Amino acid sequence: EGWRVGVNKNVDSHDNKEPPAFLFASTKPNMLHIYTCFARPVLEYAAPVWHPGLTTAQRKKIENIQRRATRIILGKEYSSYRAVLEVLQLQTLEDRRVALCRKFANNIQSSNMYRHWLPQTRGSVSGRTTRQQTKLDQLPARTERYNKSTLPYLVRILNNYV
């Protein structure tokens, strides 16, 4: 429960911050650059670790930060969030976090130093040739909390994209 409280405090601290005053005096390209270079990295810092455990409410709060930033950047030209993402050539933060997790999982899998964090492939466990032989063995999870943690989530991502 303590972990959940820490995530809630972190999400709430970013959610309640007012945008910096210099955002209001800049041009649209400058504001977009400032957002993508300074604000968004803070929202995505260490995402592969905490993304799997986010609740729906926390996901919405984080996405609302980008929604507000795009509204500030476009001002009166803002129509809908999906349309704005296309115009500014941005992805949703959810999609970016999933991509970051996938990249992190691939890096772990190809790393000689950290490959042991992941389970063996099903083919190497059973010794048989099957259609599932390249997939990783699922990590046994006795609790839902562990099932929503980083390593089981990364295994699921790797198995879905093999």
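**Figure 1. Burial and helix content of the predicted model.** In this predicted model, 33% of the 162 residues of the protein chain count as buried. The secondary structure consists of nine helices and zero strands, and the order of elements from the N terminus is α-α-α-α-α-α-α-α-α. Among contacts between residues at least 6 apart in sequence, 56% join residues at least 24 apart.

**Figure 2. Packing of helix 2 against helix 4.** The axes of helix 2 (residues 28-44) and helix 4 (residues 56-74) come within 10 Å and cross at roughly 165°. An angle over 145° counts as roughly antiparallel, so helix 2 and helix 4 are placed in that class. Their crossing is right-handed. On the helix 2 side the contact is made by Lys28, Met31, Leu32, Tyr35, Arg40 and Leu43; on the helix 4 side, by Ile65, Gln66, Ala69, Ile72, Ile73 and Leu74. Residues three or four places apart on an α-helix point the same way, because the helix has 3.6 residues a turn.

**Figure 3. Packing of helix 2 against helix 6.** Helix 2 and helix 6 (residues 93-110) pack at an angle of about 70°, and their axes are 11 Å apart. The two helices are therefore roughly perpendicular to each other. Helix 2 passes helix 6 in a right-handed crossing. Tyr35, Arg40, Leu43 and Glu44 of helix 2 meet Leu93, Arg96 and Leu100 of helix 6.

**Figure 4. Packing of helix 4 against helix 6.** The axes of helix 4 and helix 6 come within 9 Å and cross at roughly 110°. The angle falls in the range of 65 to 115°, so this pair too is roughly perpendicular. Arg59, Ile62, Glu63 and Gln66 of helix 4 make the contact with Leu93, Glu94 and Arg97 of helix 6.

**Figure 5. Surroundings of His51.** His51 lies in the loop between helix 3 (47-50) and helix 4. The relative accessibility of His51 is 1%, which is why this residue counts as buried. Leaving aside residues up to four places away in sequence, His51 touches Arg59, Glu94, Arg97, Val98, Cys101 and Tyr153. Arg59, Glu94 and Arg97 also belong to the contact between helix 4 and helix 6. Tyr153 is 102 residues from His51 in sequence, and their C-alpha atoms are 9.3 Å apart in space.

Figure 6. Helix 9 (residues 150-160) is mostly covered, with eight of its 11 residues buried. The buried residues are Thr150, Pro152, Tyr153, Leu154, Val155, Ile157, Leu158 and Asn159. Tyr153 is one of the residues that His51 touches. Pro140 is found in the loop between helix 7 (122-126) and helix 8 (144-147). With a relative accessible area of 72%, Pro140 is exposed, whereas Pro152 is buried. Pro140 and Pro152 are 12 residues apart in sequence and 8.4 Å apart in space, C-alpha to C-alpha.

Figure 7. A search of the whole structure finds one aromatic pair. This pair consists of Tyr114 and Trp117, with 4.7 Å centre to centre and 55° between the planes, and is tilted. Tyr114 counts as partly exposed at 36% relative accessibility, and Trp117 counts as partly exposed at 40%. At Tyr81, Arg67 lies over the face of the ring, at 4.2 Å from the ring centre.

**Figure 8. Loop residues with positive phi.** Ala46 is in the loop between helix 2 and helix 3. The phi of Ala46 is near 55°, a positive value in a residue other than glycine. Ala46 is partly exposed, with a relative accessible area of 33%. Gln89 is in the loop between helix 5 (81-88) and helix 6. Gln89 is not a glycine either, yet has a positive phi of about 55°. At 73% relative accessibility, Gln89 counts as exposed.

Key:
Residues numbered from 1 in each chain as written. Predicted model: local features only at pLDDT ≥ 70, side-chain atom pairs only at ≥ 80, totals over all residues. Heavy atoms only, no water. Phe/Tyr/Trp six-rings, centres within 6.5 Å; stacked < 30°, edge-to-face > 60°. Buried < 20%, exposed > 50% of the residue type's maximum accessible area, 1.4 Å probe, protein only. Lys NZ or Arg CZ within 6 Å of the ring centre and 35° of its normal. Axes fitted to C-alpha atoms, helices over the stretch in contact; angles between N-to-C directions. Helix = DSSP H or I, 4+ residues; strand = E, 2+ residues; numbered from the N terminus. Parallel < 35°, antiparallel > 145°, perpendicular 65-115°, else oblique. Left-handed = near helix turned anticlockwise from the far one by under 90°. Contact = heavy atoms within 4.5 Å.
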